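Reader: I am opening this entry now and would like to be walked through it slowly. Could you help me find my way around?
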Amino acid sequence: MEMSPESWISSPPGPRSEADWIACAPATLRADFLTGLSDAALLALPWMFEFWGQPHQLPPAGNWRSWVCLGGRGAGKTRAGAEWVRTQVEGAGPRDQGRARRVALIGETYDQVRDVMVFGDSGIIASSPPDRRPKWEATRRRLVWPNGAVAQCFSASEPEALRGPQFDAAWADELGKWKKADEVWDMLQFALRLGQDPRCVVTTTPRRQDRLIALLDSPSTVVTQAATQANRAWLADSFLTEIEARYGGTRLGRQELDGVMLADAEGSLFPGALLENCQVERVPELDRVVVAVDPAVTGHAGSDLCGIVVVGAVTRGPVADWRAYVLEDASLRASSPSEWARAAIDAMARHGADRLIAEVNQGGDLVASVLRQVDPLVPYKAVRATHGKLARAEPVAALYEQGRVRHARGLEALEEQMAQMTAQGYRGSGSPDRLDALVWALHALMLEPAARRRTPRMRVL
């Protein structure tokens with residue numbers, strides 16, 4: 001079915017935004033699209049965010065109370081919030097009433113509300129067409145639209161300021177950074193009571209904060225999420241290159257660039273702050289390298305992950321000066337035992353490892369047999385767990401606390417498992433296969449040799 005250019009605006013031809021589709025179309029089709037628009041449609045096009053917006057920037061359908069727009073730095077969260085406010089307050093004409101008349105704008109500080117949410121490059125004023133642009137009343141800290149709608153500005157450091165006013169819409173920016181998030185959010189809920197369906201949009205970089213976590217878990221909340229790269233068309237190439245080079249493949253990058261909520265279980269042995277501080281750009285010359293394997297005995301689509309982790313160490317000088325470097329997480333879900341064996345032996349070759357260590361509690365002699373089939377001469381050591389995972393992980397956590405373990409980039413999946421290991425056991429889903437392999441490697445490189453050095457030898461008289 002052939003569509004007219006104007007119908008493309010309201011009926012996107014694919015799952016991406018209409019603007020993406022037009023941008024990727026041949027030049028002749030783009031020209032036909034623009035010349036086929038009426039004068040009124042052409043004038044309106046720059047202000048039609050439903051056309052330009054990315055999927056994560058558009059409010060989800062359905063009956064929700066709060067929409068949380070999670071995203072990395074520069075992912076377009078502010079524009080999403082500003083445009084949502086527009087949809088709430090604007091009517092069909094410049095002076096026609098919209099669905100909302102009173103709006104709360106809340107940021108970490110009042111200055112950030114004014115400078116980012118109101119006057120920012122992606123803020124409300126910049127996003128509004130000239131005939132619907134609100135006026136700023138500085139002394140009253142508010143925006144007033146031509147149709148009489150009003151948006152009042154608040155600081156998240158002053159929860160009591162929300163006691164008394166009432167609203168039918170709200171935009172909360174960077175909730176994950178609010179110091180008094182619980183008090184401010186509670187006051188906002190009491191104030192959000194006007195109209196038939198009062199709603200709130202929350203635009204924030206994900207942070208491990210109790211209020212944000214509770215909001216994401218609420219059945220009345222909907223979530224959209226995107227990485228910084230989703231908005232790359234509007235970002236400087238030099239910015240993307242620099243931040244990717246600096247933070248790509250790191251735990252902080254997962255949060256600030258990928259827009260992922262990093263989950264530390266309560267009481268984690270390896271909290272996020274600890275893992276962020278152990279990143280290194282360069283690995284020194286190593287004295288030893290091992291590959292540790294937590295094998296998956298079966299091999300099919302439903303098998304457990306096979307943990308394969310490469311760790312090296314500098315073991316010169318006193319034990320207290322030893323340092324370990326986690327080099328690679330080569331874990332995989334193998335279709336057969338020989339596949340994970342091959343992956344582990346390939347990891348040895350990549351890093352010049354001198355020993356392969358594998359847990360044999362479940363596989364027994366089968367583990368050695370599988371490895372020998374791939375490489376009959378592989379230097380292999382079997383280890384058997386005589387204590388639980390927690391007992392093995394605690395001394396490894398102590399090494400991290402002492403600053404004696406460092407991570408190369410690209411270990412996000414391993415670090416997410418680590419963050420779920422607590423003093424009460426593993427709180428993540430499934431089995432911590434990656435973490436188990438890491439623990440075996442660090443025991444072999446750091447803990448067992450150090451224990452042997454500290455044990456005094458008996459003198460024979």
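Predicted model: local features only at pLDDT ≥ 70, side-chain atom pairs only at ≥ 80, totals over all residues.

Reader: Okay, and where is the place of Arg141?

Author: Arg141 sits in the loop between β3 (135-137) and β4 (142-144), where helices (H or I, at least four residues) and strands (E, at least two) are DSSP runs numbered from the N terminus. Although it is not a glycine, Arg141 has a positive phi of about 55°. Most residues other than glycine have a negative phi.

Reader: What about Glu174, where does that one lie?

Author: Glu174 lies in the loop between β6 (169-173) and α9 (181-191), and its phi is also a positive value, near 50°. At 16% relative accessibility, Glu174 counts as buried.

Reader: Changing topic, how many helices and strands does the protein chain have?

Author: The protein chain has 18 helices and 16 strands. It holds 461 residues, of which 50% are buried.

Reader: And which strands make up the open sheet of eight?

Author: The order of that sheet is β3-β4-β5-β2-β6-β7-β1-β8, and its pairing is mixed; two strands count as paired if DSSP finds at least two bridges between them. β3 and β8 (221-226) stand at the edges with a single partner strand each, so one side of each is left without a neighbour in the sheet. Within the sheet, β2 and strand β5 (residues 150-155) pair in the parallel sense over six bridges, and Leu105 stands opposite Cys153 in β5.

Reader: What is the order of the six strands in the other open sheet?

Author: That order is β13-β12-β9-β10-β11-β14, again with mixed pairing. Here β13 (380-383) and β14 (405-407) are the edge strands, each with a single partner, so one side of each is left without a neighbour in the sheet. The twist averages 25° from one strand to the next, with axes taken as lines fitted to C-alpha atoms, for helices over the stretch in contact, and angles running from 0 to 180 degrees between N-to-C directions.

Reader: How many bridges join β12 to β13?

Author: Four bridges join strand β12 (residues 355-359) to β13, and the two run parallel; the bridge partner of Ala358 in β13 is Ala382.

Reader: Which strands does helix α14 lie across?

Author: Helix α14 (residues 337-351) lies across β9, β10, β11 and β12, and it runs at about 165° to β9.

Reader: Now the inside: which residues of the largest nonpolar core touch the most other members?

Author: Of its 39 residues, those are Phe270, Val311, Val326, Tyr400, Leu438 and Leu442; a nonpolar core is a set of buried Ala, Val, Leu, Ile, Met, Phe, Trp, Tyr and Cys residues joined through side-chain atoms within 4.5 Å. The elements giving two or more residues to this core are β9 (288-294), β10 (307-314), β11 (323-329), α16, α17 (412-418) and α18 (433-454). The largest share, twelve residues, comes from α18.

Reader: What is Val311 in contact with?

Author: Leaving aside neighbours within four places in sequence, Val311 is in contact with residues including Val289, Val326, Leu438, Leu442 and Leu445, where contact means heavy atoms within 4.5 Å. There is also a second, separate core of 31 residues, which includes Val310, Tyr325, Ala343 and Val367.

Reader: Last one, where is Gly98 found?

Author: Gly98 is in the loop between α6 (77-89) and β2 (102-107), and at 13% relative accessibility it counts as buried. The C-alpha atoms of Gly98 and Ala149 are separated by 8.1 Å, although the two are 51 residues apart along the chain.

Terms used:
Residues numbered from 1 in each chain as written. Heavy atoms only, no water. Buried < 20%, exposed > 50% of the residue type's maximum accessible area, 1.4 Å probe, protein only.
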